[in-house]
Amino acid sequence: MTGVQTCALPILTDLSPSQVTRIGATGAQVKNVDGASSAERGGLVANDVVLSLDGRAVRNARDLMNKVALTRAGSNVQLTVLRAGTTLTVTIGLEEAYAL
């Protein structure tokens, strides 16, 4: 079974072409992190740029969401993020999806 809680990942947006050129990579920019989410507990913050998930490059926000959706709920994933010019790794626990 796969799936994640909708709050498990923050609000994301694609990088602009100028951002891709400036940082020399593709990824998904974090716009907002829910204070009660596993993303916040794992250390993800607004303005982080997610470059990879478990070593797999992230092309854009949709690509990141697809990779998360294909990951087993309850798993921990490692995100490589760019924060203020520094690359670091944060570990996020993916939560079970809520039934709607």
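Q: How many residues of β3 are buried?
A: Five of the five are buried, so β3 is largely enclosed by the rest of the structure. Buried means under 20% relative accessible area, exposed means over 50%, and partly exposed lies in between, with a 1.4 Å probe and protein chains only. Strands here are DSSP runs of E with at least two residues, helices are runs of H or I with at least four, and both are numbered from the N terminus.

Q: What kind of model is this?
A: This is a predicted model, in which local features need pLDDT of at least 70, side-chain atom pairs count only at pLDDT 80 or more, and totals for chains, interfaces and linings use all residues. Residues are numbered from 1 along each chain as its sequence is written, and side-chain values use heavy atoms, with hydrogens and water left out.

Q: What is the mean pLDDT of the chain?
A: The mean is 84, and 86% of the residues reach 70 or more. pLDDT is the predictor's confidence in each residue, from 0 to 100.

Q: Where does pLDDT stay under 50?
A: Over residues 1-8, for which the model has 28 contacts beyond four places in sequence. A contact means heavy atoms within 4.5 Å.

Q: Back to β3. In what sense do β3 and β5 pair?
A: They pair in the antiparallel sense, over four bridges. In that pairing Val50 stands opposite Val81 in β5. Two strands count as paired if DSSP finds at least two bridges between them. β2 and β3 are also antiparallel, over two bridges, and Gln29 has Val49 in β3 as its bridge partner.

Q: What do β3 and β4 form?
A: A hairpin with two residues between the strands, and Asp54 in the turn has a positive phi of about 50°. β3 and β4 pair in the antiparallel sense over two bridges, and Ser52 stands opposite Ala57 in β4.

Q: Which residues touch the most other members of the largest nonpolar core?
A: Leu44, Val50, Leu64, Leu79 and Ile92, out of 18 residues in that core. β2 (28-32), β3 (49-53), α3, β5 (76-83) and β6 (86-93) each supply at least two residues of the core. A nonpolar core is a set of buried Ala, Val, Leu, Ile, Met, Phe, Trp, Tyr and Cys residues joined through side-chain atoms within 4.5 Å. In soluble globular proteins, nonpolar side chains tend to be buried together.

Q: What is Val50 in contact with, leaving aside neighbours within four places in sequence?
A: Its contacts include Thr26, Val30, Val58, Leu64 and Leu79.

Q: New topic. Which residues in α3 are buried?
A: Ala61, Asp63, Leu64, Lys67 and Val68. Seen down the axis of α3, they fall within an arc of 165°, so they line one face of the helix. The arc is that of the directions from the helix axis to the C-beta atoms. Their cover includes β1 (11-14), β2, β3, β4 (56-57) and β5.

Q: What does the side chain of Lys67 make a polar contact with?
A: The side chain of Asp63, at 2.8 Å. A polar contact is a pair of N or O atoms within 3.5 Å; within protein, one must be able to donate a hydrogen and the other to accept it, and residues adjacent in sequence count only if both atoms are side-chain atoms. Lys67 has a relative accessible area of 12%.

Q: Is Val45 buried or partly exposed?
A: Val45 is partly exposed, with a relative accessible area of 35%. Val45 is found in the loop between α2 (38-42) and β3.
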